[in-house]
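Please consult the sequence and coordinates alongside the text.

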Amino acid sequence: MIHDADPTTPAAGTVGGAPEKGTARRPGGSRPARTSRAAAAHHDAADALDASLDLFRAALRDTDPADVPVPRGRGSAAERRRRRAAASAAGIQEVLEALAEIEQRTAQRERLKAAAPHERAARSQTRAAHADQRVMRRAARDLLLAGPIRPEDGGALGTALCALVSALVTAARWNAAAGHRQQAAASQAAELAWRAYQESSPVRQLTAAASTLPPAVRARHAATATTALPEHLRGAVTPAGIALLAGTLAEAEHAGHHPQSLIIRAVTSRELDTATDPAHVLTWRIRRLADLPAPTRTAPRTATGHARRTNPAPADDAHGRPRPSRT
């Protein structure tokens, strides 16, 4: 979170507090992984977008009529929260425009550019340079300087686009709750960004890879994912999202990770209530936690047809259950 006391202080966990260039943090404070400059810029943008969610949630609480009324005069805590949310909304616009500028696929670039005008009105709400907006601006600048993502860093693109959707959706809810004139445009921008994300290369590749899993294995990992979700969010996930998440858990298990432990870490690392589909958000959190490679259209397999493991785990039996390891 960014501290009001010092507007020049970079936000913890965002681009202002990033490790050296060429590294990307993983959720939960684990050791950074070496990656390309473009991938690091995309991960930093995702971190900045994720940090904005806390600001919007705090500002949303001030608009809830069921809550105890809070002072809203100039200089009040509620007014500061409103201004920080407005600054973040303007910053989201800059990240959105940067992502659109470096997107190489024409259809995706046009969708993102169509979503961009929504936050332009938010810029008029905050004239002064604000720490929250500067964090986003720095993330946008780094995206432009780093340029397009490499195919082998597709996971970073998926992470950034998914975070963008969550930030836009939450910003739209805040605009609606506060009665801002741009609420309809904000909702439209969130929808356009969601479509751009769904049609992005990383999502399409993950979807194709998930379809190659044996049905029993896919069902086992889908059950693991569903069980780990908080009960009030289980109705918010879609079959397509669960398929992506199950495929990612299978890939992580083949790489030697424990699926249940990974998904618990992903669920508890940050809130999921603002996600359009929590399964998509968890997919990218897990890929980052497990340091999985860029999505491909098939599950990783050896020449013999068995799933490749970098740190061998017990193979599944015919029913998709893990066989006990031999000692």
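The model is predicted, so local features need pLDDT of at least 70 and side-chain atom pairs count only at pLDDT 80 or more, whereas totals for chains, interfaces and linings use all residues. Residues are numbered from 1 along each chain as its sequence is written, and side-chain values use heavy atoms, with hydrogens and water left out.

**Overall chain**

The protein chain contains twelve helices and two strands, where helices (H or I, at least four residues) and strands (E, at least two) are DSSP runs numbered from the N terminus. Along the sequence the order is β-β-α-α-α-α-α-α-α-α-α-α-α-α. Of the 327 residues, 50% are buried (under 20% relative accessible area, with a 1.4 Å probe and protein chains only). The accessible surface, from the Shrake-Rupley method with a 1.4 Å probe, is about 15,100 Å², and carbon and sulfur atoms hold 53% of that surface. Among contacts (heavy atoms within 4.5 Å) with a separation of 6 or more, 74% join residues 24 or more positions apart.

**Helix pairs**

Axes are lines fitted to C-alpha atoms, for helices over the stretch in contact, and angles run from 0 to 180 degrees between N-to-C directions.

| Pair | Angle | Axis separation |
|---|---|---|
| Helix 1 (residues 37-63) and helix 6 (residues 154-178) | about 20° | 8 Å apart |
| Helix 10 (residues 239-254) and helix 12 (residues 278-289) | roughly 20° | within 8 Å |

Helix 1 and helix 6 are therefore roughly parallel, a term for angles under 35 degrees. Their crossing is left-handed, meaning that the near helix is turned anticlockwise from the far one by less than a right angle. The contact of helix 1 with helix 6 has 17 nonpolar, seven polar and two charged residues; Ala, Val, Leu, Ile, Met, Phe, Trp, Tyr, Cys and Pro count as nonpolar, Asp, Glu, Lys and Arg as charged, and the others, including Gly, as polar.

Helix 10 and helix 12 are likewise roughly parallel, with a left-handed crossing. From helix 10, G241, I242, L244, L245, T248, L249 and E251 meet A279, H280, L282, T283, I286 and R287 of helix 12. By class, this contact comprises seven nonpolar, four polar and two charged residues.

**G154**

G154 lies in helix 6 and is buried, with a relative accessible area of 8%. Leaving aside residues up to four places away in sequence, G154 touches P202, A294 and P295. The C-alpha atoms of G154 and P202 are 5.6 Å apart, although 48 residues separate them along the chain.

Note on methods: Angles under 35 degrees count as roughly parallel, over 145 as roughly antiparallel, 65 to 115 as roughly perpendicular and the rest as oblique.
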